[in-house]
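Please look over the sequence and the model below. The report that follows walks through some of the main features.

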Amino acid sequence: MLSLVFLGSCEEHKEHTAPAVRDRDSASMMVSYGVNTLISDSGVIKYKIVTERWDVNTVKQPTRWTFEKGIFLEQFDEKFHVEGYITADTAWYYDQLKLWELRGRVHIRNVNGLIFDSEELFWDGIRHEFYSHKFSKVVTPERTMQGTYFRSDEHMTHYEVTNSVGSFMSEDFDGSQQSADNEQEKKDTTQAPPPPARQAATRHKATQKSSYTTP
């Protein structure tokens, strides 16, 4: 009788074990919360990162840092002066590729007063450039540009916006306007046939693809 009771109690015992993890690459090697840290490159402090959550995954390919709760990224020059800052709702940094992918309400402001807004931005640390294939808006003290493609150096001093519309300073077209006025005056005095509208075509092309160098 005692033997039967003992065997019955053993059979009822069950181990509480979790199921095996199938997707090994879904687990992060490190998860940090409330991060406020400085990042160096070749021994020089280049960036400051502030984020609510920072995941580091070295199993996924390519390996990456993930900032699902948003990010504030500040950039410094060699003398530790602030060059600008970037904010985004979500970000990934592919450390082996040195590539940042920023998504959702991406906002940039630099020391020259340039402001950039888009829903997408890539920052290539090897080519040292920014680019975006989404609708982007660039505002400087001189002009405002909007377009569906953006490309710039990482200091935001040389950039281009294509398929663009925007507002310009009157000085941008003073030369073209003066030339058009001269042609109109010549037409009124000589009654010659009107010249081909090359000036109008040139101005229209400028609104489709524009490239600027900020001071």
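How many salt bridges does a search of the whole structure find? The search finds 5. A salt bridge here is a side-chain nitrogen of Lys or Arg within 4 Å of a carboxyl oxygen of Asp or Glu.

## About the model

This is a predicted model, in which local features need pLDDT of at least 70, side-chain atom pairs count only at pLDDT 80 or more, and totals for chains, interfaces and linings use all residues. Residues are numbered from 1 along each chain as its sequence is written, and side-chain values use heavy atoms, with hydrogens and water left out.

## Overview

The protein has 3 helices and 15 strands. Both are DSSP runs, numbered from the N terminus: helices are H or I with at least four residues, strands are E with at least two. Of the 215 residues, 32% are buried. Buried means under 20% relative accessible area, exposed means over 50%, and partly exposed lies in between (1.4 Å probe, protein chains only).

The accessible surface comes to about 14400 Å². Carbon and sulfur atoms hold 53% of it. Such areas come from the Shrake-Rupley method with a 1.4 Å probe; for residues, only the protein chains shown count as cover.

## Strand S7 and its partners

Strand S7 spans residues 99-110. It pairs with strand S5 (residues 82-88) in the antiparallel sense, over 4 bridges. Two strands pair if DSSP finds at least two bridges between them. Gly-84 stands opposite Asn-110 in S7.

Strand S6 (residues 90-94) also runs antiparallel to S7, over 5 bridges. Here Tyr-93 has Trp-100 as its bridge partner. S6 and S7 form a hairpin with 4 residues between them. Lys-98 in that turn has a positive phi of about 55 degrees. Strand S8 (residues 115-124) is antiparallel to S7 too, joined by 9 bridges. Ile-108 faces Phe-116 in S8. S7 and S8 make a hairpin with 4 residues between them, and Gly-113 in the turn has a positive phi of about 90 degrees.

## The nonpolar core

Which residues have the most contacts inside the largest nonpolar core? They are Trp-100, Leu-102, Phe-116 and Phe-150, in a core of 29 residues. Such a core is a set of buried Ala, Val, Leu, Ile, Met, Phe, Trp, Tyr and Cys residues joined through side-chain atoms within 4.5 Å.

Phe-116 touches several residues beyond four places away in sequence, including Val-106, Leu-121, Phe-150 and Met-156. Contact means heavy atoms within 4.5 Å.

## Salt bridges up close

Asp-89 and Arg-105 meet in a salt bridge (3.0 Å, N to O). This pair links distant parts of the chain, 16 residues apart: Asp-89 is in the loop between S5 and S6, Arg-105 in strand S7. Asp-89 is partly exposed at 29% relative accessibility. Arg-105 is exposed at 61%.

Glu-129 bridges to Arg-151, with the closest N and O atoms 3.1 Å apart. They are 22 residues apart, in strand S9 (residues 129-132) and strand S12 (residues 149-153). Glu-129 is buried, with a relative accessible area of 11%. Arg-151 is partly exposed at 36%.

Arg-103 and Glu-101 form another salt bridge (2.9 Å, N to O). Together with Glu-120, they are linked in a network of salt bridges.
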